[in-house]
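Please read it alongside the sequence and the structure shown here.

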Amino acid sequence: MNSIIDLSEIAKDNIKYLDEAKLHTQYKIKYVHGYIKKWLNVAVNSNVKSVTFIDCMCNAGVYRNGIKGTLDLCQVFRHIFSNKFIAFTFIPISF
C-alpha cells in the first residue's frame with residue numbers, strides 16, 4: 001500500500017513541538033530532492049528492483065513554518081516510483 005500521509009494535518013495539532021525550517025534546512029531538502037530524483041531515474045533505467053534511502057537528519061517531516069521535509073518528499077517518490085516496479089524504502093532516523 002502506497003498511501004501518502006498528510007503531515008500538515010498532524011502538524012496542526014503538534015505545532016509547539018516542531019522546529020522552524022531554517023535556510024540551511026531548506027537547502028538540505030532541495031539537495032536531497034535532487035539526489036533522490038537522480039538515483040531513482042538511474043534505477044528505472046538500469047532495471048534495479050529496489051532503492052533504500054536512509055535519512056539520518058529527517059526531523060519530524062514537516063516544519064512549523066509549513067515547509068515539508070524529506071519524509072514527505074520520500075513518500076511522494078515512493079508513490080510515484082512504486083508504479084514503476086521499484087521497491088522504494090525510506091528509513092527515517094532522527095536524533
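In this predicted model, Lys28 makes contact with Asp55, Met57, Cys58 and Thr70, leaving aside residues up to four places away in sequence. Lys28 belongs to helix H2, which spans residues 23-45. Its relative accessible area is 17%, under the 20% cut-off, so Lys28 counts as buried.

**Nonpolar core**
- The largest nonpolar core has 13 residues, and those touching the most other members are Ile36, Leu40, Phe53, Cys74, Phe77, Phe88 and Phe90.
- Two or more residues of this core come from each of H2, strand E1 (50-55), helix H3 (70-82) and strand E2 (87-92).
- In soluble globular proteins, nonpolar side chains tend to be buried together.
- Beyond residues up to four places away in sequence, Phe53 touches Val32, Tyr35, Ile36, Cys74, Phe88, Thr89, Phe90 and Ile91.

- Tyr31 and Tyr35 are about one helical turn apart, because they are separated by 4 residues in helix H2.
- Tyr31 is exposed, at 60% relative accessibility, whereas Tyr35 is partly exposed, with a relative accessible area of 38%.

**Confidence**
- The protein has a mean pLDDT of 76, with 81% of its residues at 70 or more.
- Confidence is highest in H2, at a mean of 85, and lowest in helix H1 (residues 7-13), at 68.

How values were computed
Residues are numbered from 1 along each chain as its sequence is written. This is a predicted model: local features need pLDDT of at least 70, side-chain atom pairs count only at pLDDT 80 or more; totals for chains, interfaces and linings use all residues. Side-chain values use heavy atoms; hydrogens and water are left out. Buried means under 20% relative accessible area, exposed over 50%, partly exposed in between (1.4 Å probe, protein chains only). Contact means heavy atoms within 4.5 Å. pLDDT is the predictor's confidence in each residue, from 0 to 100. A nonpolar core is a set of buried Ala, Val, Leu, Ile, Met, Phe, Trp, Tyr and Cys residues joined through side-chain atoms within 4.5 Å.
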